[in-house]
Amino acid sequence: MKKFDSTKIKNIAVAGHAGSGKTSLTEALLYKSGTVDRLGKVLEGTTVSDYTADEIKRKCSVYTSLSVMETSDLKVNLLDTPGLFDYESGMVEGIYASGCVLITVSAKSGVKVGTHKAYECAKKFGKPTMFVVTKIDDENANFNNVLTQLKSEFGPTVCPVVVPVIADRKIVSYINLIEMKAYKYEDGKAVETDMPTAEVSEKMEYRIDGLIEAVSEAVAETDEELMDKFFSGESFTQKELIDGIHRGMNAGVITPVTCVSSTDLSGVDMLLKEIDLLLPPPSEKDAMVGETANGDTIEVECKESDPLAAFVFKTVADPFVGKMSFIKVFAGVLKPNMEVVNATTGNTEKVGKLMTLVGKKQIDITEAGAGDIVVASKMNVNTNDTICDSSRVVKFEAIEFPKPCYKMAVKAKKQGDESKISAAIARLLEEDLTLNYEMDTATNEMILSTLGGLHLDSVQGRLKSDFGVDMEVAAPRISYRETIRKKVKVQGRHKKQSGGHGQYGDVWIEFEPCVSDELIFEEKVFGGAVPKNFFPAVEKGLQESVKKGVLAGFPVVGLKAILVDGSYHPVDSSEMAFKMAASIAYKEGLRQAEPILLEPIGALNVIVPDDNTGDMMGELNKRRGRVLGMNPTDKHGLTEIVAEVPMAEMQDFTLTLRQMTQGRGSFTFEKVRYEPLPANLVADVIAKNAVND
């Protein structure tokens with residue numbers, strides 16, 4: 001594979017709502033460019049970019065895949081990203097590495113939540129965007145409605161450049177508003193045809209002259225000279241239109257709209273032409289701000305002549321090939337076997353074999369220059385690591401991924417597989433930064449956090465297929481606590497005679513409520529009723545006892561114990577005897593001190609569309625939540641609700657929120673304190689969690 005200059009590389013992420021045609025569009029581009037010799041189909045599991053077993057089974061993208069296509073003078077790195085919200089990390093990493101984002105919108109279903117998510121992510125990373133209206137040949141397609149919706153929801157930057165001419169609900173031809181030419185398609189090939197007559201134009205749902213006016217006005221706003229020309233009534237040349245749209249995309253003030261059918265390939269060749277003419281190469285958009293070792297900021301330009309600076313934006317934990325690191329080269333040249341500095345860890349690493357991909361097909365390359373995307377095998381680097389030349393150590397800001405909020409307790413199906421599961425999940429944690437795996441010290445369960453049920457199911461599938469381990473999942477246990485409500489004084493006496501030395505310990509202890517997560521122990525013994533050398537044994541007996549309460553075996557908090565009296569035997573008393581006596585006093589004392597259960601309460605910050613605020617507050621009331629307030633957010637149409645909710649009521653909240661808001665909602669939830677469990681719920685909790693003494 002030949003090497004391309006950064007002015008001849010295009011890095012494109014294909015993003016959008018699930019089912020909007022991202023993978024089919026990627027397949028059509030690869031086929032039309034001659035990269036592949038057959039047109040794969042998602043439903044048949046034959047596409048280039050959806051090649052894993054999980055993707056073929058689900059008939060959708062689960063991971064971001066890289067497919068490179070070449071023309072005579074252009075290299076295009078296509079990043080096909082997932083649209084399902086459970087796999088949002090793939091969209092984030094794909095858009096980060098891209099230079100432009102093609103956002104697919106179905107001509108049947110129009111703008112959806114995934115459209116907005118892709119657009120917002122692109123704007124967050126400062127990427128130019130283009131809308132591609134797909135499925136344009138479907139009998140239920142309505143391009144005009146979609147175009148109107150795009151303008152309504154994304155504002156005046158939306159600018160059509162290719163539109164269909166429709167008569168009797170069928171596409172007659174396509175008009176390229178830049179070239180001012182019409183094309184009809186025969187067997188997927190464009191044939192120039194006549195522009196629609198005035199009579200046909202009048203019958204269309206949108207007027208061609210009105211669209212031309214809109215394109216010209218958008219271009220005029222990118223340059224003062226063009227603005228003067230526009231107001232003087234002169235038409236723009238084709239080059240002026242191309243350059244103006246190109247500048248407008250870079251500046252984020254123009255979002256072109258085109259349309260295609262990935263089935264009959266109509267419009268795909270025009271999209272390829274627009275990729276060449278309109279989308280920016282890395283040399284224009286890939287200047288990055290990094291941080292030097294001493295904390296200074298530095299701008300890294302996309303130049304091969306500068307020292308190497310590259311970023312690992314994706315990791316694949318392949319059990320057969322080994323770790324595969326997807327790298328965006330921002331400056332310099334990356335070559336196999338060269339030594340680089342990992343600016344994130346400070347370690348020196350050796351670059352492994354370099355390759356580019358067409359789906360799962362690997363193509364070895366000898367180097368990757370500034371602006372290119374490459375895959376390195378078996379490197380000791382992780383996602384969000386910056387690798388660079390030792391002459392200029394610079395670190396780029398890490399990608400911020402969605403936080404996992406769907407928690408499940410996991411354990412091995414087979415006894416003895418625990419270490420295998422931990423090792424396998426550790427591999428997946430390197431690949432997927434939206435996973436979290438940790439021990440809940442309160443319940444001694446291993447908790448796996450994901451973005452949702454599909455995400456969890458995919459992890460289970462990967463563990464079984466790639467690493468040969470099965471795991472069981474269940475809702476995590478809630479870490480309740482126990483405490484007391486009144487002060488009591490009780491005796492604990494341990495006396496045992498079994499020949500020879502016996503055992504004798506006798507204590508009187510006062511138990512009272514206090515504000516503390518740990519046991520507070522004091523002694524107020526007078527006259528040596530209990531020798532001082534037995535005080536530590538009494539405290540130890542109580543410390544071991546508070547690990548289990550008397551109601552359901554949960555740890556006890558808010559307890560103060562005061563040793564006030566007792567007795568001993570000069571021969572039979574021992575530390576063990578007094579430890580046992582303290583335990584007896586503890587059990588009796590807590591039963592008399594009106595024990596209660598405490599449940600953990602969490603602080604919830606949930607962001608929902610304005611239309612869903614009433615439904616959400618009703619949902620929180622059902623979950624015994626207390627709404628503390630509502631705040632406006634930076635994003636138009638979204639409101640933040642602040643509440644406190646018992647953790648026991650939050651297990652399925654991720655799924656409920658996604659269903660209620662069609663995926664637009666998000667939340668954070670963090671445990672803040674414990675509160676008494678309502679009396680009507682106590683019996684049920686005790687029945688489920690009671691621990692035998």
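**Pairs, strands and domains in a predicted model**

Modeller: Lys3, Glu304, Lys335 and Glu367 are linked in a network of salt bridges. The model is predicted, with local features needing pLDDT of at least 70 and side-chain atom pairs counting only at pLDDT 80 or more, while totals for chains, interfaces and linings use all residues. Residues are numbered from 1 along each chain as its sequence is written, and side-chain values use heavy atoms, with hydrogens and water left out.

Colleague: What makes Glu512 buried or exposed?

Modeller: A residue is buried under 20% relative accessible area, exposed over 50% and partly exposed in between, with a 1.4 Å probe and protein chains only. Glu512 has a relative accessible area of 19%, and is therefore buried.

Colleague: Why is strand E3 called mostly covered?

Modeller: Strands (E, at least two residues) and helices (H or I, at least four) are DSSP runs, numbered from the N terminus. In strand E3 (residues 75-80), 6 of its 6 residues are buried. In a regular strand the side chains alternate between the two faces of the sheet. In E3 both faces are covered, with Lys75, Asn77 and Leu79 buried on one side and Val76, Leu78 and Asp80 buried on the other.

Colleague: How do you know that strand E1 and E3 pair?

Modeller: Two strands pair if DSSP finds at least two bridges between them. Strand E1 (residues 9-16) and E3 have 6 bridges in the parallel sense, so they count as a pair. Within that pair, Ala13 has Leu79 as its bridge partner in E3. Strand E2 (residues 65-70) is joined to E3 by 6 bridges too, but runs antiparallel to E3, with Met69 bridging to Val76.

Colleague: What makes strand E30 and strand E32 edge strands?

Modeller: They belong to an open sheet of 4 strands with mixed pairing, in the order E30-E31-E33-E32. Strand E30 (488-496) and strand E32 (520-523) each pair on one side only. Neighbouring strands of this sheet are turned by 25° against each other on average, direction ignored. Helix H14 (residues 535-545) packs on the sheet, touching E31, E32 and E33, and its direction makes about 155° with that of E32. Such contact means heavy atoms within 4.5 Å, and angles run from 0 to 180 degrees between N-to-C directions of lines fitted to C-alpha atoms, for helices over the stretch in contact. Helix H15 (residues 575-592) lies across E30, E31 and E33, at about 35° to E31.

Colleague: How do you know that the span of helix H7 agrees with what it should be?

Modeller: The expected span is 1.5 Å times one less than the number of residues. For the 13 residues of helix H7 (residues 208-220) this gives 18 Å, and its end C-alpha atoms are 18 Å apart, which means that the two agree. Among the buried residues of H7 are Ile208, Leu211 and Val215.

Colleague: Which domains is the protein chain divided into?

Modeller: Domain bounds come from an automatic or database domain assignment. They are domain 1 (9-284), domain 2 (288-396), domain 3 (406-474), domain 4 (481-593) and domain 5 (598-688). The C-alpha centres of domain 2 and domain 4 lie 62 Å apart.

Key. Salt bridge = Lys/Arg side-chain N within 4 Å of Asp/Glu carboxyl O.
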